[in-house]
Amino acid sequence: MPHVPHTDFGFLILAMLIGLLVGSFLNVVIHRLPQMLQRRWAAECAALRGEEAPAADPANRYDLLWPRSHCPACQTPIPWYRNVPLVSFALQRGRCAVCGAAIRWRYPLVELVSAALWAGCAWRYGATAAALAWAGFGSVLLALAAIDWDTTLLPDDLTLPLLWAGLIAAALGWTGRSLVDALWGAVAGYLSLWSVYWAFKLLTGKEGMGYGDFKLLAALGAWLGWMALIPLVLVASCLGALVGLGMKAGGTLREGRYVPFGPFLALSGVLVWALGPEALLGWLGG
């Protein structure tokens, strides 16, 4: 698919504003989805033990829409005028307006990255379905990277829709990949890491990665095609090794001395999409 830069300044600003709003919602997803999964798993475990599930209590509803956004420190609900992406963080100098507790820098960072992704897609593809598709692709990867970094979870709620969306987008001609390339990209992505997982486990008796990594690489293969997988995995491995060595030298490795692989797969996927696999292979080759 040809990439024609779209230079309409007003259109780019609109895309950036949409990206900021999407980034604000992604912050909710990053924070709440792992907790929602933990609650779901706890309920399923209780059912397996034969325990009767408690009656649903509307007061304890917890999902992406409820309860309203609130300060984690003082639990004060945040009104809309104090929840404007980037602006509220700047005006409040990174602190809660009620209790003064510090707001994590990741909130405005996710909003900024999301705005850049959406503006970049608008500039590259113009007002097309392809722009919307690739902006969604980058947004889901951003959420997955942050969740995996925090929790080592890559939720099926995000990886599987991303996989199916890649196949559908290819079938509709939005990604520049044929449906055959997308399909084999998904298959090769899953089986490649699945094979590495089992080889490592048979040799060491340990698990080197989780099944979520297989599904994420399958989704990336669906969007980028099977030919992008080798440079994608190579770049992700190099980035992960560099960060891991840096964390080890700085004494910041977590308990168990692990670095989640998902964030580097996600970043590598964005780089392959933005630069092309040939450019990344050239970079690796020096």
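Val-180 is exposed, with a relative accessible area of 53%, where exposed denotes over 50% relative accessible area, buried under 20%, and partly exposed the range in between (1.4 Å probe, protein chains only). The structure is a predicted model, in which local features need pLDDT of at least 70 and side-chain atom pairs count only at pLDDT 80 or more, whereas totals for chains, interfaces and linings use all residues. Residues are numbered from 1 along each chain as its sequence is written, and side-chain values use heavy atoms, with hydrogens and water left out.

Val-180 is placed in helix α6; helices are DSSP runs of H or I with at least four residues, numbered from the N terminus. Together with Leu-183, Trp-184, Val-187, Leu-191, Trp-194, Trp-198, Leu-202, Tyr-211, Trp-226 and Met-227, Val-180 forms a nonpolar patch on the surface, and the accessible area of these residues together is about 1100 Å². Such a patch is made of residues with over 30% relative accessible area and no salt bridge, with nonpolar side chains (Val, Leu, Ile, Met, Phe, Trp, Tyr) joined within 5 Å. A salt bridge is a side-chain nitrogen of Lys or Arg within 4 Å of a carboxyl oxygen of Asp or Glu. Accessible areas come from the Shrake-Rupley method with a 1.4 Å probe, and for residues only the protein chains shown count as cover. The largest contribution to the patch is that of helix α6 (residues 179-204), which supplies eight residues.

The cysteines were examined next. A disulfide is counted where a pair of cysteine sulfur atoms lies within 2.5 Å, and the count by this rule is zero. For Cys-96, the closest cysteine sulfur belongs to Cys-71 at 3.7 Å, which is too far for a bond. Cys-96 is buried, with a relative accessible area of 14%, while Cys-45 is partly exposed at 39%.

Backbone geometry was also considered. Most residues other than glycine have a negative phi, and most peptide bonds are trans. The peptide bond from Trp-66 to Pro-67, however, is cis, with omega near 5 degrees. Pro-67 lies in the loop between α1 (9-48) and α2 (87-91). Gln-75 is also placed in the loop between α1 and α2; its phi is positive, near 65 degrees, and Gln-75 is partly exposed, with a relative accessible area of 46%. A positive phi, of about 60 degrees, is likewise found at Thr-152, which is not a glycine. Thr-152 lies in the loop between α4 (129-151) and α5 (156-171) and is partly exposed, at 40% relative accessibility.

Key. Patches are made of residues with over 30% relative accessible area and no salt bridge: like charges are joined within 9 Å, nonpolar side chains (Val, Leu, Ile, Met, Phe, Trp, Tyr) within 5 Å. Helices (H or I, at least four residues) and strands (E, at least two) are DSSP runs, numbered from the N terminus.
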